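Here are a few friendly notes to read alongside the model. Keep the viewer open and look up each residue as it comes up.

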Amino acid sequence: MSSTKKLRSSSKLAALIVAASIAIAPLASPITAYASINSGNLTQTEQYQTFLSTKYQIDVNSQLTKGQYIQYVADLLPGNAKSSTLTFTDVASTDEQYAAVVELNEKGILSGATVSAKQQLEPWVAAIIAVRASGLQELALTYTTEKTDAALKKIGSSSAQWVPHVAQELAVAIDNAIIPEQYYNDFSKKSVASAELINTLLGQIVTFNGEYKQFLGSSQDADIIAELIGAYNTSDIIQVNDLQTIVNTALEKDIITGYNFKDSRFDANFVDEYALTYGHSDLKHAIQLIGLLRSEGIEAKVQFEPKTSAFLYLKEWGEPTQSDSFQVKQIANGKYVAYSKEYDLKLEFSSLTDKAKFQDIILAYAKKDADDEQGLIYASWWQPLYHSNTEIADYEVVTNNKISLGNYYAQTFSLNEEVEEIVTGMKQVNANVVVDSNQFWVNKAFFNYLGGKDHK
């Protein structure tokens, strides 16, 4: 998520400013039932609702005002208002909604001097604001009358019933599924915007601004394996010199025993409550893991997050075989560090039940307990690694110690009682380093690995 994401109180009001007096067609009463856009236990609208509530603390009610909607839109967009001198006829600079009104004016989403923050929000108003907040204004201006009418026909309207630029923006909203088909009836006569429609529009704004979930597809998709293979084949060992200087020195001084490099631009941005992260190094293992989920009737969104694992390489392991996916380099104290191309599969499950069931599946079919054990998927580990950012039964609490530099970050997992020592040690390596330590829940076998215990 963008570091500039803003969280404002939903009680604050903002204003909608429409540039012209608009002759409009009658609009429809809200619909309360909506169709499922994708498979899974939640419809797309419900997924947006959960995402908005979790990530932005936005909970839409059924009597939304224009001001509340504009406040929500401002919450979703990066940046803040720059000016403190813009004036409006009915919003003072001391009003709570002033900053949101200014911000959206500066971004070209709103214009004009009159604000009606307490007015009930209408579907068409919400839709054109969503188009502008999604960055589609220039596209809208390319729409001819013929193309505009073809789109508006789907909502029982035509360009003659709207001011030209509004007609174009509504047409763009329809053609780009900002207004999904199940909400077309909302625009057939005068009504207030339903909570379901607003959640969908806000979800689309997040999507068009690149702040929604990103993933290869669903575990049930016919092309998910091809997508997974493509993602793996185009990933490389991550090298970040400035970060490596710090963490390799920490390795030399035995402050840590290993670390990972990752790139935040691949972050799935899933809803934590439904998500798990599963780490491994072998592509064939990932392919079989997806097949295992399918065979167990588990549906989950799948994101591939490239990862490089670094750890001390011991001489007794023999001469290493260097490759594009495994490299060994000597560090200052004469020790060697191995860099292994790995990955995290981020999984967002359709239900909490499926998330809980994942561990049973791994323990049965993807965790090695004997040298000659049969009935496991390819390259199963003695200590598989999977973890959750939210509490889950039968998992153990550990800590992720993370150092960031731009899009890249180095992280090392530790027992909770080791955090203070690690942070202090990192500060000795570089006094300016900032270590972000956060607790999370990890499977028992990996917890034992961190503590130097056996594979169970």
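**Notes on helices, strands and loops**

1. Let us begin with a pair of helices: H2 passes H8 (residues 195–208) in a right-handed crossing. A crossing is right-handed if the near helix is turned clockwise from the far one by less than a right angle, and left-handed if anticlockwise. Helices (H or I, at least four residues) and strands (E, at least two) are DSSP runs, numbered from the N terminus. The model is predicted, so local features need pLDDT of at least 70 and side-chain atom pairs count only at pLDDT 80 or more, while totals for chains, interfaces and linings use all residues. Residues are numbered from 1 along each chain as its sequence is written, and side-chain values use heavy atoms, with hydrogens and water left out.

2. How are two packed helices described? By the angle between their axes and the distance between the axes. For H2 and H8, the angle is about 25° and the axes are 10 Å apart. Axes here are lines fitted to C-alpha atoms, for helices over the stretch in contact, and angles run from 0 to 180 degrees between N-to-C directions. H2 and H8 are therefore roughly parallel to each other. The cut-offs are these: under 35 degrees is roughly parallel, over 145 roughly antiparallel, 65 to 115 roughly perpendicular, and the rest oblique.

3. Which residues of H2 and H8 meet? On the H2 side they are Tyr69, Tyr72, Val73 and Leu76, and on the H8 side Ile198, Leu201, Leu202, Ile205 and Val206. Contact means heavy atoms within 4.5 Å. The residues of this contact divide into nine nonpolar, no polar and no charged. In this scheme Ala, Val, Leu, Ile, Met, Phe, Trp, Tyr, Cys and Pro are nonpolar, Asp, Glu, Lys and Arg are charged, and the others, Gly among them, are polar.

4. H2 (residues 66–76) also packs with H4 (residues 123–133), at an angle of about 15° and with the axes 11 Å apart. That angle makes H2 roughly parallel to H4. The crossing of H2 past H4 is right-handed. Tyr69, Ile70 and Val73 of H2 make the contact with Ala126, Ile129, Ala130 and Ala133 of H4. Sorted by type, the contact residues are seven nonpolar, no polar and no charged.

5. Now try H6 (residues 145–152) and H7 (residues 164–175), which pack at about 55° with their axes 8 Å apart. That makes H6 oblique to H7. Their crossing is left-handed. Thr148, Ala151 and Leu152 of H6 take part, together with Ala167, Gln168, Leu170, Ala171, Ile174 and Asp175 of H7. This contact divides into six nonpolar, two polar and one charged.

6. Next, find isoleucine 58 in the loop between H1 (44–56) and H2. Is isoleucine 58 buried or exposed? Its relative accessibility is 1%, so isoleucine 58 counts as buried. Buried means under 20% relative accessible area, exposed over 50%, and partly exposed in between (1.4 Å probe, protein chains only). Leaving aside neighbours within four places in sequence, isoleucine 58 is in contact with Leu52, Ser53, Tyr72, Asp75, Leu76 and Leu202.

7. Turn to strand E9 (residues 408–414), where six of the seven residues are buried, so E9 is largely enclosed by the rest of the structure. Two strands pair if DSSP finds at least two bridges between them. E9 runs antiparallel to E2 (residues 258–263), joined by four bridges, and phenylalanine 261 has alanine 410 as its bridge partner in E9. E8 (residues 396–405) and E9 are also antiparallel, over seven bridges, with serine 404 opposite tyrosine 409. E8 and E9 form a hairpin with two residues between them, and glycine 406 in the turn has a positive phi of about 65°.

8. Most residues other than glycine have a negative phi. Alanine 177, however, has a positive phi near 60°. Alanine 177 is in the loop between H7 and H8, and at 37% relative accessibility it counts as partly exposed. Asparagine 269 also has a positive phi, of about 60°. Asparagine 269 lies in the loop between E2 and E3 (275–280) and is buried, with a relative accessible area of 12%.

9. Finally, zoom out. The protein chain has 14 helices and ten strands, and 51% of its 456 residues count as buried.
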